[in-house]
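The following paragraphs go through a structural model step by step. Please keep the sequence and the 3D view open while reading.

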Amino acid sequence: MGIEGIGASVARKEDKRFITGSGRYTDDIRLHGMTYAQFVRSPYAHAKVKAIDSSEAMKMPGVVAVLTGKELVDDKIGNLICGWMVHSKDGSPMKMGAFPAMAPELVRFVGQAVAVVIADSKNLARDAAEKVDVTYEELPVVADIRAAIASGAPQLHPEAPGNIVYDWSLGDEAATDAALAKAANVVSIELTNNRLVPNAMEPRSAIASYDSAEEHFTLYTTSQNPHVARLVLSAFYNIAPENKLRVIAPDVGGGFGSKIFIYPEEMVALWASKKVNRPVKWTADRTEAFLTDAHGRDHLSKAEMAFDKDNKIIALKVKTHANFGAYMSLFSSSVPTYLYATLLSGQYDIPNIYCEVIGVYTNTTPVDAYRGAGRPEASFLLERLMETAARKLKVNPAELRRKNFITSFPHQTPVIMAYDAGDFHASLEAAMKAIDYAGFAARKDKAKKEGKLRGIGLSCYIEACGIAPSKAVGSLGAGVGLWESAEVRVNPVGTIEILTGSHSHGQGHETTFAQVVADRLGIPISQVSIIHGDTDKVQFGMGTYGSRSAAVGISAIVKALEKVEAKAKKIVSHHLEASENDIVIEDGNFKVAGTDKQMAFANVALAAYTAHNLPPGMEPGLKEGAFYDPTNFTFPAGAYICEVEVDAGTGKTSFVNFVAADDFGRLINPMIVEGQVHGGLAQGIGQAILEGTVYDKSGQLVTASFMDYSMPRADDLPSFKLSHTTTLCPGNPLGVKGCGEAGAIGASAAVINAITDAIGTEKIEMPATPDRVWAAIHANA
Amino acid sequence: MPAVKLMVNGKPASGDVEDRTLLVQFLRDHLGLTGTHVGCDTSQCGACVVHIDGRAVKSCTVLVGQAAGANVTTIEGIARGDELHPMQAAFRDNHGLQCGFCTPGMIMSAIDIVNRHGGSVDEATVRHELEGNICRCTGYHNIVRSVLDAAGRMKVAQAAE
């Protein structure tokens, strides 16, 4: 692997700018003549916009413009789109209402924009926004799933009767029902998957500028996928043709899914920059982020699992209501369907699965992909069900899982996915060993003598990553292909620029991608630069989400490197008069095997560019590109075990230990992989015990700041014990699987399984805050 | 607009500002020191932590006028030329950052923690003292390791001086 190659825990190349304050995030950028945008947002969850009076605001010196949704319509700027078509089980397409960037007539959630003030300073824009007088007529509100589907409920969109977007299903209902009917035991569960707010630490931001002579726009924005943003802004929102719009996503301070989507604010900033003919900057404050960043999760589910007399699972039936909020966000429709129900087989051999998902509109912030996106919901449901079943069937929870593990691959589940590789016994065994599972009973007894309730909980997750084969997602309704592109530019001196369509917003691509190059060509990572996040530099790319950068993005780089290597070998064989097949790469030199003849890589590059002596017919230069379209999803999997101690007097949960044993295939940089797992675990644990998004009945977001929404802090979390088991992914060149979402997918079930084990009741909802835990203990007593 | 004068990273800084100008706005918008970040506006997240006269303060909660005459140190001012502060080096060596947005505030808070508790500070104290700094990427695991590592380095450096 070399000291900088694949498998080395190299310190990150990008860190120096971040630890010295030299990072360049969107809000750090100032353009000449820049104005500032402040949105006027609805204080009501459902209301008619009767009038907007901006006359007082326009009188303030330094206010440049006040623009409204009506002017957007007049300028034929499009509504926001949902890019994944899902059909109901009766075959009808999903039923969507229009999602305007600024509401011209009707607002449907608190925080929806109705107008924007453009002014010379941020403070002035804020002052002026308060002077914009909007007259609303309040309408009745549905603030949660149950209210939305009640008979006679207020209707959000005339296009979606009953507030139902779709009633979708996957699997064979008749076969599942038949298996349930003949089961020796059936275990049922009802649960909520709580709504979460992603809360990347960098709030969303956009700076738009317009060059009237060239009729060209530039947008700096906090995006995980700037090319997709450009595509959508061009093709659907009618901002400008793609060749007249450059989108740059510079340093981006975390995404977790929330920066995939193309939001109203960047679209309005672009449009406004042309209207006022000056650059326009908008940066969210944290409460705007709470109100307008797409939220995650928010399911209500009922599930039944059927077992035969030997405790083998024979069927699983699930019914889920998913809350979409007031509008369909960009990829929202796919999250509770193709990213959720397709993972309901988990690590288990389940012959019959049927899942019905009803997507619902409510007067709340739109919901879309958040770290894990559908897969945490599937994993939580399945692993709560397995733990509950083990307790009801009075078998050891590890034993029940082992009995049902899939052990041969490839394995076709009844819910689309074909698992390619895995060893679920190995990861469970590694986790049990790491936490001394065998010694738990003694630890529980000891804690009991000290008046503490101790519990242990397992979670064996699987996820589908590397999103995804374009043909497969196209057949399921996706509006885009999900390949990735790469270009390898070798400079005449032998240094290299890699252009990638993946986008790094914390993942460390500038290091790991360079490691792949170093591993292949033997040159130091300091001579490899990774270029990403700019549509003028990188031709096209699909961006980073769904743990896809290694499995798809690096695979594209490997394909391009193969082409560079092949051309370089031709040049070397010509110069050294040897057969191409005899050329090997060692320590940055191209050598003729078995001889002392060699050319340094830098000399090969120089030869390619001087072109004085190239093989006949060869073009000068050393630059190759590739597109990589995966053949399958990848399937990271693992086992998490959590041990907690609950104080029966206060309901407070303390972590005794948390162990994770993951199988991500080959690791490029184990240090970075572990960092990804730590962060995912924190978000999964946060969901389990801290993070609750609360709307009141009138649709007000009660938890709209860090003072009200409980983010995990250092003192809330334990140190983690991580380990890895390895089965290589057979579907991509390096055998990598992806590690970005695992922690968030597997952790919450382990925590709740541990807490329910400690307190002796299954009835606890997330977040299992001290008051809920205390109430559950006392309801049980 | 009133004039304000203070020292920032050892150099005099001044400007004519509105009374309501926050220290963080002055640093970012007037001085172009954009290493100090704004993550929440409510003094919760700590991305804006700087040192005022050697103590960690959230610069989103201080008017620049309140810092008049003070010595302010930001993330840009803690390295000695190319030599990183031990806390900066420890964050890099222990992978104590991912997206980097909370990092400047984390480092400034962490230096203050070690200054107050000394080089033998323990994990529980570090976790408790970091409650005013939120990170969404790392799960704090490697941040805590970084601070403990730097504490040891700072102890050695102090002993050497």
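**Domains, chain contacts and a covered helix**

In chain B, 15 residues of domain 1 are in contact with 11 residues of domain 2, where contact means that the C-beta atoms of two residues, placed from the backbone, lie within 7 Å. This is a predicted model, in which local features need pLDDT of at least 70 and side-chain atom pairs count only at pLDDT 80 or more, while totals for chains, interfaces and linings use all residues. Residues are numbered from 1 along each chain as its sequence is written, and chains are lettered from A and ligands numbered from 1 in the order in which they are written.

Domain 1 of chain B covers 3–77 and domain 2 covers 86–160; such bounds come from an automatic or database domain assignment. The side of domain 1 of chain B that touches domain 2 of chain B takes at least two residues from each of strand 3 (49–52) and strand 4 (55–58) of chain B. Strand 3 of chain B gives the largest share of that side, 3 residues. By class, that side of domain 1 of chain B holds 7 nonpolar, 7 polar and 1 charged residues. Here Ala, Val, Leu, Ile, Met, Phe, Trp, Tyr, Cys and Pro count as nonpolar, Asp, Glu, Lys and Arg as charged, and the others, Gly among them, as polar. Between the centres of the two domains of chain B, taken over C-alpha atoms, there are 21 Å.

Chain B as a whole contains 5 helices and 5 strands, in the order β-β-α-β-β-β-α-α-α-α from the N terminus. Helices (H or I, at least four residues) and strands (E, at least two) are DSSP runs, numbered from the N terminus. Of the 161 residues of chain B, 58% are buried, that is, 20 or more other C-beta atoms lie within 10 Å of their own, with C-beta atoms placed from the backbone.

Chain B also meets chain A: 45 residues of chain B are in contact with 41 residues of chain A. Helix 2 (86–93), helix 3 (103–117), helix 4 (123–129) and helix 5 (141–160) of chain B each give two or more residues to the side that touches chain A. That side of chain B has 20 nonpolar, 16 polar and 9 charged residues.

In chain A, helix 7 (residues 226–235) is mostly covered, with 8 of its 10 residues buried. Among the buried residues of helix 7 are Pro226(A), His227(A) and Arg230(A). The buried residues of this helix pack against strand 10 (216–221), strand 11 (245–248) and helix 8 (264–276) of chain A.

Conventions
A residue is buried if 20 or more other C-beta atoms lie within 10 Å of its own, exposed if 12 or fewer, and partly exposed in between; C-beta atoms are placed from the backbone.
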